[in-house]
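Hi there,

Please open it first and then read my notes.

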Amino acid sequence: MFPITGAFQGDAWASLIAVDTEDTIETVGEKIAAVSVGKRLVSRAGGPGYEVLLNGEVLDPQTTFGNLGVLPMQWFEARFRD
Amino acid sequence: MLLNRDDWYETSRDLNWTVSYVDPAEAFPKTWSGSGDIPENAWDAWEEPFRVSYRDYVRIQREKESGVAAVGNALARAGVYEKLDPAHVSASHLHMGMTCTVEYMAVTMQSRFCRFAPTPKWRNLGVFGMLDETRHTQLDLRFSHDLLKQDPRFDWAQKAFHTNEWGVVAVKNFFDDVMLSADCVEAALATSLTVEHGFTNIQFVALAADAMAAGDINWSNLLSSIQTDEARHAQQGFPTLEVLMEHDPERAQRSLDVAFWRSARLFQTLTGPAMDYYTPLEQRKMSYKEFMLEWVINHHERILRDYGLKKPWYWDKFLYSLDHGHHCMHLGTWWYRPTLFWKPNAGVSKDERAWLNEKYPTWEETWGVLWDQIIENVNDGRIEDTLPQTLPVLCALTQLPLGSGFSPRELGENQLVYQGRVYQFDSDISKWCFELEPERYAGHLGVIDRFLGGEIQPPDLAGALAWMGLTPEVMGDDVYGYRWARDYLEPAEPAMRTES
């Protein structure tokens with residue numbers, strides 16, 4: 001388990017998200033979304049998933065999280081993919 | 001013939017002796033006095049704006065005590081508590097748990113003034129402050145003890161600060177810093193001048209007015225009685241600021257700017273939800289923002305102007321936060337309701353929502369949309385989707401959730417890597433405070449640090465609740481059992497009439 005700070009755009013606060021170093025960024029986005037979308041944010045049924053941003057840059061969804069080399073509790077943002 | 005008070009007052013107040021058996025620097029270490037490089041004789045100019053003798057003090061305090069006790073006893077006999085609105089009662093649970101031990105911490109702070117303040121005038125006046133705070137602690141404990149038979153949550157007046165409940169940790173973290181650990185000068189600026197002279201008005205004047213309107217005369221009376229003491233001993237901050245402005249104005253500006261922001265965030269948590277969401281709608285006097293503008297911001301601006309200080313660099317952001325911070329803290333505390341020792345009121349029925357929109361014109365587009373999703377989940381029976389699944393990440397300065405100072409539009413990265421560790425902040429203002437003195441704040445292990453460090457077992461919500469000391473009989477839940485959400489249910493279709 002690797003702890004990160006996850007914030008979904010439009011939500012009110014950032015949450016502690018447990019990711020796995022083997023997770024893809026696609027999975028990280030889903031984990032961040034899981035605590036916000038459908039809870040406080042309206043979900044988009046059948047939508048195209050989520051983008052994850054690190055330092056303002058959109059990450060490749062197929063990248064493996066462990067390859068990012070970040071410190072625990074690093075800030076990540078997620079948002080609906082347009 | 002007895003002398004008049006003014007004939008002997010200064011002789012008594014200034015009583016002091018020249019230490020000869022110890023080094024004065026050891027008797028009054030600068031780490032405790034806070035005198036820094038201010039010349040010793042500069043403190044001769046320290047003059048309190050009020051005069052009180054011990055005889056006068058005892059007489060007046062005795063009268064106050066008699067008044068509070070008489071009202072309390074009469075109302076207990078009349079069974080007034082049993083008739084109070086449960087949402088209002090939640091505000092008193094919150095107040096007692098969060099402030100009783102702060103009053104006790106203030107006894108220690110005032111004791112430090114008595115012993116280490118850099119002038120005998122201040123040391124003597126600290127005695128009255130110490131006695132004041134002892135009285136406040138005892139008032140809270142007596143009030144809560146009397147109501148224990150009504151609700152075990154009143155036990156938290158004494159218990160709260162011996163638990164790891166996250167809100168308590170945030171409050172404790174602040175007051176540990178500015179009351180228990182701060183030198184006399186900083187404590188006077190942060191606590192006397194900022195918290196007591198400014199922010200306690202919102203808790204002890206505004207909330208007292210709401211409590212009175214809600215019919216809780218006993219609590220209202222207690223709050224008002226406490227505030228009469230606060231208004232007096234808070235004035236110890238003024239002469240301290242005056243000396244500091246003469247000799248170290250930069251320190252004065254910095255200390256006040258940090259203390260004001262930290263206090264503002266704390267009271268967004270303690271008072272904002274109680275005023276704008278827990279107080280029954282028909283009994284609300286003013287909104288939290290209106291009270292802040294009238295009672296805190298006007299005061300603080302006047303102090304800054306009178307003493308030649310600048311407004312903090314973050315002033316415009318702070319004013320903006322008045323429209324959002326406490327709404328976010330309210331949503332957050334309601335969401336994390338099992339982690340509270342009181343029952344929060346959602347406070348978003350249609351009528352309440354109309355009031356919120358009138359007082360805060362951007363409320364609907366900012367907070368209403370989030371509540372809409374929650375309401376849908378409640379009305380669809382998905383309560384589990386309105387409960388926490390993980391912990392919020394907390395600010396390394398305020399210990400409050402990231403994002404909770406502003407609106408969702410401002411939820412963004414305020415991160416700092418310091419000595420190999422990531423620190424997160426709820427705003428660039430909190431980050432700025434931290435960076436002024438990183439060694440002061442960096443060592444604190446917050447709730448998340450302890451969770452990640454394995455102190456919370458099992459590492460899930462149940463483990464966290466046990467770690468926070470929350471037991472089923474006090475654990476928070478929606479105070480009205482979600483009845484307010486029925487406002488939003490579509491009316492049932494009328495049954496089709498069939499002609500016979």
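Below are some notes on the model, the interface and one residue.

This is a predicted model, in which local features need pLDDT of at least 70, side-chain atom pairs count only at pLDDT 80 or more, and totals for chains, interfaces and linings use all residues. Residues are numbered from 1 along each chain as its sequence is written, chains are lettered from A and ligands numbered from 1 in the order written, and side-chain values use heavy atoms, without hydrogens and water.

Chain B averages a pLDDT of 93 (the predictor's confidence in each residue, from 0 to 100). For the complex, the predictor gives an ipTM of 0.97 and a pTM of 0.94.

Now the interface. In chain B, 33 residues are in contact with 27 residues of chain A (contact means heavy atoms within 4.5 Å). The rule finds zero salt bridges between chain B and chain A (a side-chain nitrogen of Lys or Arg within 4 Å of a carboxyl oxygen of Asp or Glu).

One residue to look at is B:T279, in the loop between α13 (272-278) and α14 (288-306) of chain B (helices are DSSP runs of H or I, at least four residues, and strands of E, at least two, numbered from the N terminus). B:T279 is buried, with a relative accessible area of 2% (buried is under 20%, exposed over 50%, partly exposed in between, with a 1.4 Å probe and protein chains only). Leaving out residues up to four places away in sequence, B:T279 touches B:D210, B:A274 and B:R284.

Best wishes
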